[in-house]
Amino acid sequence: MKKLIPLVIILVAILGLAYYIAPKLPQQTDVRPLGEFYLQNSYFGDYSAKSPEVVTSILWDYRGVDTLFETAVFFLAIIGSLTLFRLNKRQEKAAKQKTEEFTGGLTIVVKSVTKIIVVMILAVSASIALHGHLTPGGGFQGGSALAVAPLLIIAAYSKYTLEENGLDKTRALILRSIGLLGIALVALVPLLSGGFIMQNQPVFPAEINGQLIGGSLIYYNFFEFLAVGAGFTAVFLLLAIPESIFKRFLRGDVDE
């Protein structure tokens, strides 16, 4: 209890200062020159990202390539992980067979709750990705949230449940490849009309049937959502292979 007293004093002091000082601070009502520059060249300009959210517009115009390379680093890490755990066809088949130690997963209560949570995760992750041009978020964040769903299923049921329902490592890698190919195509499409690689406006329509889509942003978000979610899922499936199976592979019990 004594250890909490300094923490409480600090918390009360911070709240008190915030309460008394915050109202007395001058409020910024005018846009500063640097802000005007970014708004005119990124938010209102003819070549802006056409995102109704100014932060997204500025981020896309001034840090888009940086974000692209950050994403590339992530996918290189995924590829490296998959390479370390690479299995041949016979080993893949052996890894999908249930071991004697497998007991069927966790309790029925945990499994029932997992079903509900997984549905919620799918809905929220898709919303994060598809509204990335309107609100904070995007394809990377949505895909990361999406990957939590298969991870929960592996923990509550087993990796065999995912594989029996059609989501094995091979299909996850196919989905990831579709996502990466989609990102590359969206980046190259502007070249066909004499534009620049990754150019947004005026190549891609800013609206479809009156709905704001932010030009190419929604396509990038969707494909990255797919690539990140599937990439994580492939790694999770590999890491979920029981240790006893890997030991059999190392002993050479499964022919290569």
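The points below take the chain as a whole and then turn to one residue.

The model is predicted, and its protein chain holds ten helices and two strands. In sequence order these elements run α-α-α-α-α-α-α-α-β-β-α-α. The chain is more spread out than a compact globule, because its radius of gyration is 24 Å, well over the 18 Å that the globule rule gives for 256 residues.

**Extent and packing**

- Taken along the principal axes, the box filled by the C-alpha atoms of the protein chain is roughly 70 × 70 × 35 Å.
- Of the 256 residues in the protein chain, 36% count as buried.
- Where contacts in the protein chain link residues at least 6 apart in sequence, 71% of them join residues at least 24 apart.

**Surface and charge**

- The protein chain has an accessible surface of about 16,300 Å², and carbon and sulfur atoms account for 68% of that area.
- There are 21 positive and 19 negative side chains in the protein chain, with the centres of the two sets 9 Å apart.

**Isoleucine 208**

- Isoleucine 208 lies in strand 1, which covers residues 207-208.
- Isoleucine 208 counts as partly exposed because its relative accessibility is 39%, a value between the 20% and 50% cut-offs.
- Once neighbours within four places in sequence are set aside, isoleucine 208 is in contact with Ile213 and Tyr219.
- Between isoleucine 208 and aspartate 168 there is a sequence separation of 40 residues and a C-alpha to C-alpha distance of 35 Å.

Notes:
Residues numbered from 1 in each chain as written. Predicted model: local features only at pLDDT ≥ 70, side-chain atom pairs only at ≥ 80, totals over all residues. Heavy atoms only, no water. Helix = DSSP H or I, 4+ residues; strand = E, 2+ residues; numbered from the N terminus. Rg over C-alpha atoms; globule rule 2.2 N^0.38 Å. Buried < 20%, exposed > 50% of the residue type's maximum accessible area, 1.4 Å probe, protein only. Contact = heavy atoms within 4.5 Å. Areas by Shrake-Rupley, 256 points an atom, 1.4 Å probe, with all protein chains shown as cover. Lys, Arg positive; Asp, Glu negative; His and termini not counted. Charge placed at Lys NZ, Arg CZ, Asp CG, Glu CD.
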